[in-house]
Amino acid sequence: MKILVLTFYLQYLVGIGATSSASSKSVGNLLDQSLANLKQSVEALRQSNQKLTADYQTLKNQVTFLRGLHGKCAPCKSVKDSKYCDCTEIQPRQDCLEFYQAGYKINGIYRLHGHRFSVLNTYCDQTTDNGGWTTFLRRTNGSVNFTRNWNDYKLGFGKLTGEFWFGNENVHDLTKPEVAPKKSELLINMIMVGQTKMVYAKYDIFEVGDEASKYMLTISGASGNVSKPNTFGNKHNGMKFSTFDSDNDTMPPDSSAHGGSCAKAYGSGWWYNYCYDTLLTGKYNFTKGSTLYAEITWDDGQIDMDPIFVEMKFRRKT
C-alpha cells in the first residue's frame with residue numbers, strides 16, 4: 001500500500017514538473033524506507049512459513065507414528081503380537097459404555113471401578129453395534145480349559161487377550177439394578193464350524209443374579225441373524241449356574257441320567273436346565289471322529305450350529 005502511495009506521489013511530482021534536488025532527495029528517502037519495510041515484511045513471512053512447515057512436519061510425523069501402532073491403539077498402548085490394545089493407563093470408569101461415551105472407541109483392555117472390586121481389568125468391544133460392550137466370554141481355539149469349579153467361574157479365568165470367562169460375580173456387579181436400573185442387553189457373536197461369516201443373537205434384557213441366587217440368569221427379547229436366535233433363552237432363562245462341585249440344575253439328584261448332575265456330565269459351568277440347548281462353555285473339540293460326549297454348541301443336535309468362535313458381551317441400557 002505504501003509503495004502505491006509513493007508511486008502516485010512520484011507521478012504527481014513529475015506531472016507538475018518538480019525538478020528540485022531537495023524534492024528528489026526526499027522522494028528517494030521515502031522509497032528507501034518503503035523498500036526496507038517491505039524487506040522486513042518478506043523476512044517475517046519467510047520465518048512464519050518456516051514455522052508452519054516445521055509444525056506440519058511434526059504433525060505428519062505424529063500421524064505416521066499413530067498409524068504405525070498395531071491395531072491403531074492410540075491413545076492406548078499397542079500390545080505386541082496381539083490385535084488388542086492396552087488402555088489400562090486411562091482413568092478407570094464404571095463400564096465399557098462409559099468409556100465409549102467419553103470418546104474411547106478402540107477395542108481393548110480397560111480398567112473398571114466397581115462396588116465389590118476397587119479396580120478391575122476388562123475387555124471392551126467398542127466397534128460392534130455402536131460399542132460399549134463388556135465381554136465376559138470368548139472361545140477361539142480351545143486353549144483354555146473350561147472344566148472349572150464354582151470359585152473359578154465366580155472370579156473368572158483365562159486371558160483377556162485370548163479365551164476367558166470374566167467371572168459371575170463381576171457380571172452380576174455390572175448388571176444388577178443399582179448399576180443398570182434400565183437393565184442391560186446381551187449380544188452373542190459366533191462363527192459356526194465350516195463358516196466364515198459372523199452371526200449373532202441379541203437379547204433385549206440380560207441380568208445375572210448374586211451368588212445367593214446361584215447367579216440366576218434372566219434373558220428375554222431375542223433377535224438376530226443366527227438360526228433360532230432364542231435357542232439360549234428358551235431353555236436357559238431363569239436357570240441357576242452350575243459347576244461340577246455345585247449342582248443347581250433342574251435334574252433330580254437321584255436321576256440315573258448323567259449321574260444326576262449336568263455339570264458333572266459335561267464338565268463346564270453353565271446355566272443348565274435339564275440339561276441344555278445351548279452350551280457355549282462346552283468342550284472345544286472339532287476333531288473328526290471325536291468321541292467326546294459334549295462340545296461347544298449353540299443348538300444341541302445340529303452339527304452345523306457348533307461355534308468355532310464365540311463372544312458373549314453385555315451393555316448397560318440408558
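**Entry 1: disulfides**

I started by reminding myself that this is a predicted model. How many disulfides does the structure hold? I found three.

I took Cys76 and Cys87 to begin with. Their sulfur atoms sit 2.1 Å apart, and the two form a disulfide. I looked up the angle about the S-S bond and got 100°, which makes the link of Cys76 and Cys87 right-handed. Then I checked where the two ends are. Cys76 and Cys87 are both buried.

On to Cys96, which a disulfide joins to Cys124, with 2.0 Å from S to S. Is this one left-handed or right-handed? I read a torsion of about -80° about the S-S bond of Cys96 and Cys124, so the disulfide is left-handed. The pair links distant parts of the chain, with Cys96 in helix α3 and Cys124 in strand β4 (residues 120–125), 28 residues apart. I noted both Cys96 and Cys124 as buried.

That left Cys262 and Cys275, a disulfide with its sulfur atoms 2.0 Å apart. I got -90° about the S-S bond here, and the link of Cys262 and Cys275 is left-handed. This pair also links distant parts of the chain: Cys262 belongs to helix α7 (residues 262–266), while Cys275 is in the loop between α7 and β11 (307–316), 13 residues apart.

Are Cys262 and Cys275 buried or exposed? Buried means under 20% relative accessible area. Cys262 comes out at 0%, so I call Cys262 buried. Cys275 has 7% relative accessibility and therefore counts as buried.

**Entry 2: a helix on the inside**

I went through helix α5 (residues 168–175) residue by residue. Eight of its eight residues are buried, so α5 is largely enclosed by the rest of the structure. Among the buried residues of α5 I wrote down Asn168, Glu169, His172 and Asp173, along with Leu174. I kept Leu174 in mind, as Leu174 turns up again in the lining of the largest cavity.

**Entry 3: the cavity**

Next I searched the whole structure for cavities of 30 Å³ or more and got one. The volume of the largest cavity is about 50 Å³. Which residues line the largest cavity? I listed Asp95, Cys96, Leu97, Gly132, Thr134, Leu174, Val179, Phe314, Arg315 and Arg316. The elements that give two or more residues to this lining are α3 and β11. β11 has the largest share, three residues. I sorted the lining by class and got five nonpolar, two polar and three charged residues.

Last stop, the second largest pocket, which has about 160 Å³ of space. Of the 13 residues that line this pocket, I found Lys83, Asn107, Tyr123, Asp125 and Glu311 closest to its centre. β4 and β11 each supply at least two residues of the lining. Which element gives the most to the lining of the second largest pocket? I got β11, with three residues. By class, I sorted the lining of this pocket into four nonpolar, four polar and five charged residues.

How values were computed:
Residues numbered from 1 in each chain as written. Predicted model: local features only at pLDDT ≥ 70, side-chain atom pairs only at ≥ 80, totals over all residues. Heavy atoms only, no water. Disulfide = S-S within 2.5 Å. Buried < 20%, exposed > 50% of the residue type's maximum accessible area, 1.4 Å probe, protein only. Helix = DSSP H or I, 4+ residues; strand = E, 2+ residues; numbered from the N terminus. 1 Å grid on protein atoms, 1.4 Å probe; cavity = no way out; pocket = protein on both sides within 12 Å on 5 of 7 lines; lining within 4 Å. Points joined across faces, edges and corners; volume = space filled by probe spheres on them. Nonpolar A, V, L, I, M, F, W, Y, C, P; charged D, E, K, R; others polar.
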